[in-house]
Structure formats: structure tokens, C-alpha cells
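Try each task before you read its solution.

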Amino acid sequence: MNDPSTGPTSAMYGVMPGNIANAAGVGGASAHANTGAGGNATAAAAGGESETLYQLMVELFSTSNREQALAELSRERDRNPDLGVALWNAYGVMTILYQEIIAVYPLLNPPALTMPMSNRVCNSLALLQLVATHEQTRMQLLKANVPQLLYPFLSTTSKAKQYDNLRLTSLGVIGALVKYDNHEVISFFVATEFLPLCLKIMDIGSELCKVVATFIFQKIILDDGGFSYVTSHPKRLHTVLVILNNVINQMVAAPSGRLLKSVTKCLIRLADNQKAKEEMREGVSDHLKDSTFAQVFAEDVSYRRLVYQLILKLA
């Protein structure tokens, strides 16, 4: 392993946040701020966990250990909210994640991706989602145009699970960025032609992919800039309404309460535009009006309220 006094490992010692930096031996007195038996035990436990994370990041630099290190780091993400900051700042780590993503591009078309390969990339994407979620690194990730690295995955059409997992995990990264209602974030996805990819997944993706893609689309049109982009062009607006109707019609055989609510929220927002409202009065799916989704309507109060809100808007 690299000498901790030189090279990438020493660079990582200086950038790890909070407990991770303390465990790496650079926290000074703060690492020993807790006193008493209970404080010492807590500090020791935190230090051991942080040292493990540090070691896993070091192992990313070894091609033979990288796959296992990615999997272990991915499993740690829920327990370590600051891990995204450490990944972003650690010497060379983000470059390794980018390399992992780009390496499978040639396997997308024609489809040649295996499940182990997909799992490995999904672990890299899960770590990217940590960076996208953290307030200290979210905008830096966006300004580096990193989300565009995921667009080739969103463009795939294979129904095989390994490709669906890629699409779903990529959508998770983008969902983490848009959920904070930041105009700059929405403008980025409008400007980089993400919307056609999002709409395609809403139309032909798996249920989980549809749920996440529709959530993202909803966030985009809640922003005034995203709303204007979708509604300012008649053909674009018509395409969006057709796809939303398709999503509703595809749920006749297997209704999804989550997806129904997301689609209905999108329709409610689009009804703020007069042209959209007029088209919806004539063309919104009859399944929203009849008893097709009666069970969801009866059991889910929030969905029931959304339907009433849409009916009032279109009246």
C-alpha cells in the first residue's frame, strides 16, 4: 500500500471531513475532545469506522481491489452522510468513478453488459448520488457537467435487468440534484436536453424508473423556467401530454399509487397553462375519470385530493 506520508493517500488525509479526518490522524486535539469512558468508547468506534472508509478509498487505486471497495463504500452510504464530501475532495477518487462509468459505454450498444458489470457501475453511481445529495458538493458536481456522463445510460432501451438498474441508479443521481428546487439545477437539465430522455423513460421504462423519472419531470415543470420550456412550444407540450396519458393507460392492468400521484401532480401543474388546460379537457385519459383506479382512489386520501384538484382546475 502507498506510504501515508506521500502520494494520493497523504492527500486524502487532509481533505476528509469530520470524523473521517480525525480517524486519519489529522484531527489533533479535536479527535480526543470527548472525555470519560463513554466518550472514549464513542470516539474509538467513530475512529475505527472512519479508518475503514479511508482504507476503502485507498483501495480504489488498486485495480484488483477496486470492485470490492466500490461495493463496500456503497453499502456504507446510509451510515456516513459526509462520505460524499470525502469522495469529492479525495485525491483522484472522482476520476476513478468517472472511469468506471465511461468504461462500459462500448457495452451499451449493441447490448453486451453483464449483471456483475452493471452492479459495479451502479455502485459507482450510488457514490455519485452521495456527492449529489450533499449541500457542500451538489453544485460543484453540476458545474463539472458530471450528470451528462449518465445520459448514455438513460438512452438505452434494453429491458434486461442490468440495463434497467443502470437507468434507475442514474435517475437516482439526477433526482438527488433536482429535489432541492434550485433554478440553476433545473436550467442545467433543460439546457442539456435531458427532458427527451426523461420522457422516454416515463413512456417505456419499468415501474420504478417511471416513478423516479416522473418525479424528476414534476420538479422540472414546478420551476418557472422548466415550465416555460415545456409549455412554450405547442408540439413539445402535446408530446408531453400524450406521454402522460400513455403512462396512465399503461397502469390499467397494474395500478401504482405512487406513479398515479406523480402523473396527476404533473397534470395539475401543466393546467396552469391555458393551452395545456384546453388540450387536457379534451384529451386527458378517461381512466382518471372512471372507476379504473377506484381501489387507489378509495384507499389513498392524498390521491383522491389530487384528482379533485385536477378536476377543479380543468372545470
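**Exercise 1: a serine in a helix**

The side chain of Ser170 reaches the backbone oxygen of Leu166 at 2.8 Å. That makes a polar contact (a pair of N or O atoms within 3.5 Å; within protein, one must be able to donate a hydrogen and the other to accept it, and residues adjacent in sequence count only if both atoms are side-chain atoms).

A word on the ground rules: this is a predicted model, where local features need pLDDT of at least 70 and side-chain atom pairs count only at pLDDT 80 or more, while totals for chains, interfaces and linings use all residues. Residues are numbered from 1 along each chain as its sequence is written, and side-chain values use heavy atoms, with hydrogens and water left out.

Task: find where Ser170 lies, and decide whether Ser170 is buried or exposed.

Solution. 
- Step 1. Ser170 belongs to helix α10. Helices (H or I, at least four residues) and strands (E, at least two) are DSSP runs, numbered from the N terminus.
- Step 2. The relative accessible area of Ser170 is 0%, so Ser170 is buried. Buried means under 20% relative accessible area, exposed over 50%, and partly exposed in between (1.4 Å probe, protein chains only).
- Step 3. Not counting residues up to four places away in sequence, Ser170 touches Leu125, Leu150, Phe153 and Leu154. Contact here means heavy atoms within 4.5 Å.

**Exercise 2: the chain as a whole**

Task: how many helices and strands are there in the chain, and what share of its residues counts as buried?

Solution. 
- Step 1. The chain has 19 helices and zero strands.
- Step 2. Buried residues make up 48% of the 315 residues.
- Step 3. Among contacts with a separation of 6 or more, 70% come from residues 24 or more positions apart.
- Step 4. The accessible surface of the chain is about 14500 Å², and carbon and sulfur atoms hold 54% of that surface. Such areas come from the Shrake-Rupley method with a 1.4 Å probe; for residues, only the protein chains shown count as cover.

**Exercise 3: salt bridges**

Task: which parts does the Arg66 and Glu100 pair tie together?

Solution. 
- Step 1. A salt bridge is a side-chain nitrogen of Lys or Arg within 4 Å of a carboxyl oxygen of Asp or Glu. A search of the whole structure gives 11 salt bridges.
- Step 2. Arg66 and Glu100 form one of them, at 3.3 Å from N to O.
- Step 3. Arg66 is in helix α4 (residues 66-75) and Glu100 in helix α6 (residues 93-102), so the pair links parts 34 residues apart in sequence.
- Step 4. Both Arg66 and Glu100 are buried.
- Step 5. Now try Glu76 and Arg79, whose side chains meet at 2.6 Å, N to O. Glu76 is buried at 13% relative accessibility, whereas Arg79 is exposed at 53%.
- Step 6. In the bridge between Arg269 and Asp272, the closest N and O atoms are 3.0 Å apart. Arg269 counts as buried at 14% relative accessibility, while Asp272 is partly exposed at 45%.
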